[in-house]
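Work through these exercises with the structure open beside you. Try each task before you read its solution.

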Amino acid sequence: MTLSFLTNNENPIFLGPPGIGKTHLAVSIGLQAISQGYKTYFISAQDLVTQLRKADLDQKLEKKLRSFVKPSLLFIDEMGYMKLDNYSAYYLFQVIARRYERGSIILTSNKSFGEWGDIIGYPIIATAMLDQLLHHSRIFNLNGESYRMKEKKLQKEKQMGS
């Protein structure tokens with residue numbers, strides 16, 4: 001929580017199955033960054049590409065891209081939950097490329113890097129994105145059972161015991 005990754009323009013990347021706390025960890029780091037005066041922007045991967053597509057259709061793509069490049073810390077949550085189409089892959093690449101060595105990205109994903117070619121649809125674009133993201137990164141591979149499923153299991157056990 002020293003936030004030294006921000007001064008080094010490093011990208012913390014949280015990988016692992018759904019429900020194990022990746023987003024929770026990212027938000028905790030973000031709150032610490034905000035408390036120290038850093039500008040942050042939190043968005044899901046799907047919302048990011050949706051907003052960029054709309055801006056492109058409205059002839060405002062450059063302005064919208066700048067809004068994702070400007071903050072000290074950009075969170076891209078849930079990378080890999082939905083497969084990207086051609087335009088979406090291009091938009092995401094533009095954000096990552098423009099932030100490269102200029103600002104940190106915290107990214108959460110339920111997919112391994114080897115699966116990104118399938119998610120993005122273009123192995124070449126996926127490779128270029130990963131090259132820039134991983135060049136200055138801190139990768140956290142998280143494992144375990146979903147907290148939500150653990151909670152559900154405990155509730156069920158309590159119901160059966162009463």
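This is a predicted model: local features need pLDDT of at least 70, side-chain atom pairs count only at pLDDT 80 or more; totals for chains, interfaces and linings use all residues.

**Exercise 1.** Find how many salt bridges the structure holds. Then work out which parts of the chain the pair Arg138 and Glu10 links.

*Solution.* 
- Step 1. Start with the count: the structure holds 4 salt bridges.
- Step 2. Look at one of them. The side chains of Arg138 and Glu10 meet, with 2.8 Å from N to O. The cut-off is 4 Å, so the pair qualifies as a salt bridge.
- Step 3. Arg138 sits in strand 5 (residues 137–141). Glu10 lies in the loop between helix 1 (4–7) and strand 1 (11–15). The two are 128 residues apart, and the pair links distant parts of the chain.

**Exercise 2.** Decide whether Glu10 is buried or exposed, and do likewise for Arg138.

*Solution.* 
- Step 1. Take the cut-offs: buried is under 20% relative accessible area, exposed is over 50%, and partly exposed is in between.
- Step 2. Glu10 has a relative accessible area of 17%, so Glu10 is buried.
- Step 3. Arg138 has 32%, so Arg138 is partly exposed.

**Exercise 3.** Locate the salt bridge between Arg53 and Asp85, and classify both residues by accessibility.

*Solution.* 
- Step 1. The side chains of Arg53 and Asp85 meet at 2.8 Å, N to O.
- Step 2. Arg53 belongs to helix 3 (residues 45–57). Asp85 is in the loop between strand 3 (73–79) and helix 5 (86–99). They are 32 residues apart.
- Step 3. Arg53 has a relative accessible area of 27%, so Arg53 is partly exposed. Asp85 has 35%, so Asp85 is partly exposed too.

**Exercise 4.** Which residue forms a salt bridge with Lys54, and how is each partner classified by accessibility?

*Solution.* 
- Step 1. The partner is Asp58, with the closest N and O atoms 2.8 Å apart.
- Step 2. Asp58 has a relative accessible area of 38%, so Asp58 is partly exposed.
- Step 3. Lys54 reaches 53%, so Lys54 counts as exposed.

**Exercise 5.** Describe the largest cavity: its volume, its lining and the kinds of residue there.

*Solution.* 
- Step 1. The whole structure has 1 cavity of 30 Å³ or more. The volume of the largest cavity is about 60 Å³.
- Step 2. Its lining includes Asn9, Ile96, Tyr100, Leu133 and His136. Helix 5 and helix 7 (123–135) are the elements that give two or more residues to this lining.
- Step 3. Sort the lining residues: 4 are nonpolar, 5 polar and 2 charged.

Terms used
Residues are numbered from 1 along each chain as its sequence is written. Side-chain values use heavy atoms; hydrogens and water are left out. Helices (H or I, at least four residues) and strands (E, at least two) are DSSP runs, numbered from the N terminus. Buried means under 20% relative accessible area, exposed over 50%, partly exposed in between (1.4 Å probe, protein chains only). On a 1 Å grid over the protein atoms alone, a cavity is a set of points where a 1.4 Å probe fits but cannot get out, and a pocket is an open set with protein on both sides within 12 Å along at least five of seven lines; lining residues have an atom within 4 Å of a point. Grid points are joined across faces, edges and corners, and a volume is the space filled by probe spheres set on the points. Ala, Val, Leu, Ile, Met, Phe, Trp, Tyr, Cys and Pro count as nonpolar, Asp, Glu, Lys and Arg as charged, and the others, Gly among them, as polar.
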